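Dear colleague,

Please find the structure below, followed by notes on what was found in it.

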Amino acid sequence: MSMLARENSDLVEVEALRLLRLLMHVDCSPGRKWNMDTCREIAPLTLEINRLKKARNAVILTHSYVEPEIIYGVGDFKGDSYYLSKKARDAKADVIVFAGAVFMAETAKLLSPGAQVVVPDRQSGCTLADSISGAELRRLKATYPDAVVVCYINCTAEVKAESDICVTSANVFDIVAGLTEKQVLFVPDRLMADNLRTDLVRRGVDKEIISSDGTCIVHEEFTATQIAEARKLFPGARVVAHPECRAEIAQLADYVGSTGAMMDYVRSTNAPYYLMLTECGLVSRLAVEDPEKNFIGGCRLCPYMKLNSLEKIRDALLNPRTDQIVTLEEELAGRATRCIDRMFELAA
Ligand code: SF4
């Protein structure tokens, strides 16, 4: 073996060990078991991506729902939409790779207009974001001309451009409760709107929430039966849900919060078991970062988030195809950015 080949093989071995230390705790990657062999398989690719990242002054933002080898292998920042949107805003990078859903990459482009923003897979959509177009929102606005328009961040830039204020699952309840307007047109998540109504009643805040009809393909699927069975089989289990779940699920859960808040809740409590009613990627993150905790299966996979892969990230960094590059029309981007800036002001 030549000196160069030996050096490369040593680098791969070190990288495989680094990956193994992190990924060995993950047990819900579909069809994949993390051991030294599987880590050796991906190590050359993570090394290549990390080299490309430096060469192109790029950052890789990874949503908690993408595969753990992306988050821990090549990601610079990991988290939920709100956290990552702040990282996109503050990034001083020439290139931002957004491993998540396309609407998130659009948000990154709005907040870092000077950077080239690329997505690994253009098909990584979202049932919420795809549930309403800008034209449909304009029609709703005409029906409710006095309503303030609040959009959940899981929507397209076109819908953000038609909205007054953007919110995330981390700040939706506080921001809407603090608005002066009585009538709120909330898009695109019908189930989050239901949870919002319940929260406003609990706070004694009088508002009329009108919503469009979108749902998240992952969070709408959880059932009360699943919770009842988990509580029976695992006494003392805590049920932790995302506000994209149905209202009856939110009412039965011990805790409801954004992806980041769900993680904080698990880290700060000490239950014998946790049932996480969300995407499996979050459970993988918790398994890596808090390996002492026990999680009951029951999470679900988002088919869109799982379209992201190391190979596609490498290609997007090396020589992005046109369909991987996010572009937004200037006037629309200006309007969409205003609604996100409003969120940062109100959240502060
Ligand atoms: S988990 Fe739901 S909200 Fe998130 S990207 Fe998938 S479909 Fe959209």
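Ile60 has Val97 of β3 opposite it, and the two strands concerned, β1 (residues 58–63) and β3 (residues 95–99), run parallel and are joined by five bridges; strands here are DSSP runs of E with at least two residues, helices DSSP runs of H or I with at least four, both numbered from the N terminus. This is a predicted model, in which local features need pLDDT of at least 70 and side-chain atom pairs count only at pLDDT 80 or more, while totals for chains, interfaces and linings use all residues. Residues are numbered from 1 along each chain as its sequence is written.

An open sheet is formed by four strands with parallel pairing, in the order β2-β1-β3-β4, where two strands pair if DSSP finds at least two bridges between them. At its edges lie β2 (77–79) and β4 (116–118), each of which pairs on one side only.

Helix α12 (residues 259–268) has Thr259, Met262, Met263 and Val266 as its buried residues, buried meaning that 20 or more other C-beta atoms, placed from the backbone, lie within 10 Å of a residue's own. These residues are on the same side of α12 because they cover an arc of only 100 degrees around the axis, the arc being that of the directions from the helix axis to the C-beta atoms.

As for the ligand, Ala101, Cys126, Cys216, Val218 and Cys302 come nearest among the 13 residues around it, a residue being near if its C-beta atom, placed from the backbone, lies within 6 Å.

Kind regards

Notes. Buried ≥ 20, exposed ≤ 12 C-beta atoms within 10 Å, placed from the backbone.
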